[in-house]
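Student: I would like to go through this protein with you, beginning with the overall fold and then moving to particular residues. Could we start?

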Amino acid sequence: MTTAKDRLDVESEVLSAHLQKEAEHIIHSMPSSVDFDQLWQLHTGGVAQDRRDRRQASLFRKWVIGVTAALAVTAGSITGIGFISPPVAEALRVIPFFDYLYAKGGDREELKPIEEKHLSNPAGALITDKGITFNLVEEYYDGISLVINYEVTYPSSSAPITGKEAAVFYKLNFEGHDPQRISTHDFTITGDHTFVGTTRLSFGDKDLPDQLRLNMSIDCIGTTRGNWDVSVMLDRGKSAALRTTVYPKNLDFRYDNSLYTVDKLTLGPLTSQVILMKSYPHDWLNVMLEDDIGTLYTNKGGDGATDEYYYFNFSPLTVFNPKPEYMTLIVYETLENAQIKSHEDLQRLSGSLPLTLKGNEGGTVTVTAVDFEEKQTVVYYEVSQVMSQLTELTLLQGQGEPITQTGQRVRISRDKLAFKLIFPPVQPSDQLEIRARYFSYPEDIQQFRLRIPVQWTK
């Protein structure tokens, strides 16, 4: 026999699932279009560098108010029933960690795979001291990158927090390992008594285990001293299903009288990485990574070196080519600034399309369409050859005021070198221009290309 209580429990579960989907839909259906302004710290050895410019931030308040209002309406309808079950309560407080980063200028393409492919794991590490609660909510780990998201709650009786209170002072320890790493973090106030934080790490070790225990020692939150130490087991099981690792055999090459060996190639959902062993090497190598259909993988920063090897971090596998048959490692000569010639090609966007601009290394960039959307401007273009992908595109309005892209280029076709680039929202006008900044190099520049076969077993 089905009792009223049984029916109520079933309805509660259905409602909880529905609300979970609704909350996630509301949060993720309104993407921000701005870049993360927190720069990666330089590697302690001085060899890492972040080559990307960081863009202007935009206000996020209206978005937060809209989501809060939508969830508040839903919460009100449940409260009217007279109860809120724990699953429903949790569904109502889904924290849009990455959206807070995007609002401050984060590159959505960098972290979007974690959300889209549901690759994070719940951490469930919560501790309270001095009336302040630290909650390590979720983690993403793949052996190359680590992202941890956490929330801090002050007592409701305390005064509204300010920037001084919205900070976590911590040390990270990995049991049994001391990996090379660079890191950055960001904190965002989300209420009178709450703020959230995200810490991102990039590892440089050749091989880290599938599971790794992280101990996070916290002795100060804001201006309050205390103890909020937490521990969590990191697991890269979810990302492993979308990753392949190649250990080439006898893949050596000699460049400029120095011997190198390709030790490892990892192609993953968030980061790709190349590790080169070195013997009597140069101080540094310049490398690029290209797939078998001509896509140049973007350097993500966080590159570094040890006494035995170099490591280089690139963007992840592309949607249009998720299983390349091979990758090409491009090693190129370090040049002095005087040897590189910079040029500009400037044209108005008020005329008809397509329009063609000059691109890197003698190629061209053809703008095929521009979409002026409410929250972003999307420029679609094609390049005539592989290296022209590196041509820098900028929009200019008014008296030549530059509008810089808010993300990395995204390939949109497998059959041709076609891409899209996202800019902040602008209005079409007769004054709007597009500028291509392209480079030319000495004809005798040294460049070495090495093909790395990729064997896919899944």
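Predicted model: local features only at pLDDT ≥ 70, side-chain atom pairs only at ≥ 80, totals over all residues.

Student: What percentage of the residues are buried?

Tutor: Of the 458 residues in the protein, 49% are buried. The accessible surface comes to about 22,600 Å², and carbon and sulfur atoms account for 50% of that surface.

Student: And what share of the contacts join residues at least 24 apart?

Tutor: The share is 68%, counted among contacts between residues at least 6 apart in sequence.

Student: Let us turn to the sheets. What is the strand order in the open sheet that contains E22?

Tutor: That open sheet has five strands in the order E20-E21-E22-E26-E25, and the pairing is antiparallel. Strand E20 (355-358) and strand E25 (410-411) are at the edges; each has a single partner strand, so one side of each has no neighbour in the sheet.

Student: How many bridges are there between E21 and E22?

Tutor: Strand E21, residues 364-372, pairs with E22 in the antiparallel sense over seven bridges. The two strands form a hairpin, with four residues between them. Across this pairing, Val370 stands opposite Val379, and Ala369 stands opposite Tyr380.

Student: What about the other partner, E26? How many bridges does E22 share with E26?

Tutor: E22 and E26 share six bridges, again in the antiparallel sense.

Student: Why is E22 described as largely enclosed?

Tutor: Five of the seven residues of E22 are buried, so the strand is largely enclosed by the rest of the structure.

Student: Now the aromatic residues. How many aromatic pairs does the structure hold?

Tutor: There are eleven aromatic pairs. One of them is formed by Tyr150 and Phe187; the pair is tilted, at 6.4 Å centre to centre with 55° between the planes.

Student: Where in the chain are those two residues?

Tutor: Tyr150 lies in strand E3 (residues 145-153) and Phe187 in strand E5 (residues 181-189), so the pair ties together parts that are 37 residues apart in sequence. Both Tyr150 and Phe187 are buried.

Student: And why does the pair of Tyr381 and Phe419 count as stacked?

Tutor: The ring centres of Tyr381 and Phe419 are 5.8 Å apart and the planes are at 25°, so the pair is stacked; planes under 30 degrees apart fall in that class. Tyr381 is in strand E22 (residues 377-383) and Phe419 is in strand E26 (residues 418-423), so this pair links parts of the chain 38 residues apart. Tyr381 is buried, with a relative accessible area of 3%, and Phe419 is buried as well, with 2%.

Student: Which residues make up the cluster of linked ring pairs?

Tutor: The cluster consists of Phe253, Tyr260, Tyr310, Phe312 and Phe448, linked by ring pairs. Tyr310 also has a charge over its ring: the charged end of Lys278 sits 4.5 Å from the ring centre.

Student: Which charged residue sits over the ring of Tyr326?

Tutor: That residue is Arg451, whose charged end is 3.7 Å from the centre of the Tyr326 ring. Tyr326 falls in strand E18, residues 326-332, which runs antiparallel to E14 and is joined to E14 by six bridges. In that pairing, Met288 has Ile330 of E18 as its bridge partner.

Student: What is the order of the sheet that holds E14 and E18?

Tutor: The sheet is open, with four strands in the order E15-E14-E18-E28 and antiparallel pairing. Strand E15 (296-297) and strand E28 (447-453) are at the edges with a single partner strand each, so one side of each lacks a neighbour in the sheet.

Student: Where is Trp284, and is Trp284 buried or exposed?

Tutor: Trp284 is in the loop between strand E13 (272-279) and strand E14 (286-291). Its relative accessibility is 17%, and Trp284 therefore counts as buried, the cut-off being under 20%.

Student: One last residue. Which side chain has a polar contact with that of Thr194?

Tutor: The side chain of Thr190 does, at 2.8 Å. Thr194 lies in strand E6 (residues 194-203) and is buried, with a relative accessible area of 18%. Beyond its neighbours within four places in sequence, Thr194 is in contact with Glu151, Val152, Thr153, Ile161 and Ile189.

Notes: Residues numbered from 1 in each chain as written. Heavy atoms only, no water. Buried < 20%, exposed > 50% of the residue type's maximum accessible area, 1.4 Å probe, protein only. Contact = heavy atoms within 4.5 Å. Areas by Shrake-Rupley, 256 points an atom, 1.4 Å probe, with all protein chains shown as cover. Pairing = 2+ DSSP bridges. Phe/Tyr/Trp six-rings, centres within 6.5 Å; stacked < 30°, edge-to-face > 60°. Lys NZ or Arg CZ within 6 Å of the ring centre and 35° of its normal. Polar contact = N/O pair within 3.5 Å; in protein donor to acceptor, adjacent residues only side chain to side chain.
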